[in-house]
Amino acid sequence: MTQHQNAQTMKPATAAKKLGVYLDATPADFREGSVTRAELNALQTDPPEWLRDLRRDGPHPRPVVAAKLGISISGLARGGVTEALTTEQIEALKAENPEWLQKERATQAEVRKDNVRIKEMRAEKAEKAARAADRD
């Protein structure tokens, strides 16, 4: 008895998310089909021209826009950015540096500092617990 391995497929939206691109900007054949893991791996290792263009110029999905601006996705929403932006639009927004963007960047910096502080505190607790366990 031989076993046939079925190719695991994913929806185009999932594949676009994994590739970091905006689904609506992908070619129709990508949006209308399904993507196997092997196809996704091939797209990641040797991206076609359309994928390279999308990654370089956009439009970019919100997680990518937020990362390029150095803020959270929630910060984008608070700033009124609800649609995908191109690289050019992101650069213009950075150059304009509106007050909401400055505020969101400051908020994100505080969150990062808190995360570092919490991580250090947990590491210190773990170290103390390990020393206590060694003494027992």
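Reader: What makes the pairing of the Glu104 and Arg78 side chains a polar contact?

Author: In this predicted model, the side chains of Glu104 and Arg78 are joined at 2.8 Å, and because a polar contact requires a pair of N or O atoms within 3.5 Å, with one able to donate a hydrogen and the other to accept it, the pair is listed as a polar contact. Glu104 itself belongs to helix α8, which covers residues 99-135, and, leaving aside residues up to four places away in sequence, Glu104 touches Ile71, Gly75 and Arg78.

Reader: Why is Glu104 called buried rather than exposed?

Author: The relative accessible area of Glu104 is 7%, and since buried means under 20%, Glu104 is therefore classed as buried.

Reader: Why are α1 and α3 described as roughly parallel?

Author: The axes of helix α1 (residues 12-19) and helix α3 (residues 37-45) cross at roughly 30° and come within 11 Å. Because angles under 35 degrees count as roughly parallel, the two helices α1 and α3 are therefore roughly parallel to each other. As for handedness, α1 passes α3 in a right-handed crossing.

Reader: Which residues make the contact between α1 and α3, and how do they divide by type?

Author: On the α1 side the contact is made by Ala15, Lys18 and Leu19, and on the α3 side by Arg37, Leu40, Leu43 and Gln44. These residues divide into 4 nonpolar, 1 polar and 2 charged; because Ala and Leu count as nonpolar, and Lys and Arg as charged, Ala15, Leu19, Leu40 and Leu43 fall in the nonpolar group, and Lys18 and Arg37 in the charged group.

Reader: What is known about the bond that joins Gly58 and Pro59?

Author: Gly58 and Pro59 are joined by a cis peptide bond, with omega about 10°, and Pro59 lies in the loop between α4 (49-57) and α5 (62-69).

Reader: How far apart are Gln8 and Thr36, in sequence and in space?

Author: Gln8 and Thr36 are separated by 28 residues in sequence, while their C-alpha atoms are 5.6 Å apart in space. Gln8 is placed in the segment before β1 (9-10), and, not counting residues up to four places away in sequence, Gln8 touches Val35, Thr36 and Arg37.

Technical notes: Residues numbered from 1 in each chain as written. Predicted model: local features only at pLDDT ≥ 70, side-chain atom pairs only at ≥ 80, totals over all residues. Heavy atoms only, no water. Helix = DSSP H or I, 4+ residues; strand = E, 2+ residues; numbered from the N terminus. Buried < 20%, exposed > 50% of the residue type's maximum accessible area, 1.4 Å probe, protein only. Contact = heavy atoms within 4.5 Å. Axes fitted to C-alpha atoms, helices over the stretch in contact; angles between N-to-C directions. Parallel < 35°, antiparallel > 145°, perpendicular 65-115°, else oblique. Left-handed = near helix turned anticlockwise from the far one by under 90°.
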